[in-house]
Amino acid sequence: MTVPKTEKKTDQPLFLRALAGEATPQVPFWLMRQAGRYLPEYRALRAEAGSFLDLCYNPPMAAEVTLQPIRRFDMDAAIVFSDILVVPQAMGQPLRFAEGEGPRLDPVQDKDALARLSPDNIDATLAPVYETLSRVRGELAADKALIGFAGAPWTVACYMVDGRGGAFPQARRLAVQEPEFFAQLIDRVTQATTHYLLRQIDAGADALQLFDSWAGLVPADLFHAYVTAPAKKIADAIQARHADFPLIGFPRGAGERLGDYVAATGLRAIGVDQNTDIARARQAVGPSVTLQGNLSPETLLAGGDALVRETTAILDAMRGQPFVFNLGHGVIKETPPEHVAQLARIIKEYRA
Ligand code: CP3
């Protein structure tokens, strides 16, 4: 039976309609890091699991944590609970999360260390993430979408080389001084990431986000080689298997280069950080690309009048255009859950 196009379109989750380029009558929303330590129900399950990574690799628990914010705030999309650093771990690079200190990896800074990593059998480690996706998709209402994700190669390589978060001095230096080593590293991560994202689609992801959280730190003349070219390679491989699959690029800190990023990658949906004016981002990417963003996480933390004012300003600026409401970066762990509830109310009551 053939379903008329318009009918089929409105049956879809609001979030997927927006990603397909529709200016939806209501604005869909989700928040980066919507599952996490600001929620007491997350902290309880996290304590039960033991460590953060134990939680990531426990499908029933990870599925529960993924669904917690949806139950509380009725977001339009759930994002699978995991981390971008499970990919280097699956390639064989030891990873730990020291309590209160963030991630630590054994640094990869030369070709020998790189040769010890294998991008070919990552599923052995990542199978629980696929299982989490299947479980969540099974429990999620039909009008909600499920987002899979990965870190973009540049951002993942930053952590792999320096072994920890910060300003990534070693990664930035080696990108310039050891171009051959660095290009090989980026290639390996690109290969593993492509495979990982395709498997997430098989497991039930309705959309994918590629987090390039540190795109703003790449040496300027290497932006194309290490930010846009890998993103295009990944996007092309996904589109070759799944035509028009919704894929969001998030080149945080790209600033003036946002237009170049869209032109060079061909991506149709872009996450915007809070340091970019969203109306200017719209001018840079044109009318048909879906924008996602960009409330400051600090404004959500603060709540009150500023939250109402800034949320409304973003909604007004994106009125009548393809748009998904989000933060410009992840929820801060001290954020009162009531502020997230207030944000959800403002967005739901707004008529685009
Ligand atoms: O709700 C969601 O958004 C899904 C889960 C998710 C996590 N990390 C859970 C997490 C997602 C999408 C990520 C992505 C991620 N992880 C990024 C890209 C986005 C960004 O924030 O820039 C990065 C750079 C990482 C790496 C990472 N993971 C760091 C630097 C840290 C430590 C900082 C911190 O907040 O503790 C993590 C840990 C992490 N990832 C936590 C969560 C919920 C906190 C772990 C805990 O419970 O102690």
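Student: By class, which residues form the lining of the largest pocket?

Tutor: The structure is a predicted model, and its largest pocket holds about 1,200 Å³ of space. A total of 38 residues line this pocket. By class, the lining has seven charged, ten polar and 21 nonpolar residues.

Student: Which elements give two or more residues to the lining of the largest pocket?

Tutor: The residues that lie nearest the centre of the largest pocket are R33, R37, F52, D83 and F97. Two or more lining residues come from each of these elements: α3 (40-49), α4 (52-56), β2 (95-98) and β3 (102-105).

Student: Where is R33 placed, and what is its phi?

Tutor: Most residues other than glycine have a negative phi, and most peptide bonds are trans. R33 is placed in the loop between α2 (14-19) and α3. R33 is not glycine, yet its phi is positive, near 60 degrees.

Student: In what order do the seven strands form the open sheet?

Tutor: The edge strands, each pairing on one side only, are β1 (77-79) and β9 (323-327). Neighbouring strands of the sheet are turned against each other by 25 degrees on average, direction ignored. The pairing is parallel, and the order is β1-β4-β5-β6-β7-β8-β9.

Student: Which residue in β4 is the bridge partner of I79?

Tutor: Strand β4 covers residues 145-151 and pairs with β1 in the parallel sense over three bridges. For I79, the bridge partner in β4 is I147.

Student: Which strands does helix α12 touch as it packs on the sheet, and what angle does its direction make with that of β5?

Tutor: Helix α12 covers residues 223-241. It touches β5 (207-212) and β6 (247-251), and its direction makes with that of β5 an angle of about 165 degrees.

Student: What is the volume of the largest cavity, and which residues line it?

Tutor: A search of the whole structure finds one cavity of 30 Å³ or more, and the volume of the largest cavity is about 40 Å³. By class, its lining has four nonpolar, three polar and one charged residues. The lining residues are T24, V27, M318, R319, G320, Q321, F323 and A352.

Key
Residues are numbered from 1 along each chain as its sequence is written. This is a predicted model: local features need pLDDT of at least 70, side-chain atom pairs count only at pLDDT 80 or more; totals for chains, interfaces and linings use all residues. Side-chain values use heavy atoms; hydrogens and water are left out. On a 1 Å grid over the protein atoms alone, a cavity is a set of points where a 1.4 Å probe fits but cannot get out, and a pocket is an open set with protein on both sides within 12 Å along at least five of seven lines; lining residues have an atom within 4 Å of a point. Grid points are joined across faces, edges and corners, and a volume is the space filled by probe spheres set on the points. Helices (H or I, at least four residues) and strands (E, at least two) are DSSP runs, numbered from the N terminus. Ala, Val, Leu, Ile, Met, Phe, Trp, Tyr, Cys and Pro count as nonpolar, Asp, Glu, Lys and Arg as charged, and the others, Gly among them, as polar. Two strands pair if DSSP finds at least two bridges between them. Axes are lines fitted to C-alpha atoms, for helices over the stretch in contact, and angles run from 0 to 180 degrees between N-to-C directions. Contact means heavy atoms within 4.5 Å.
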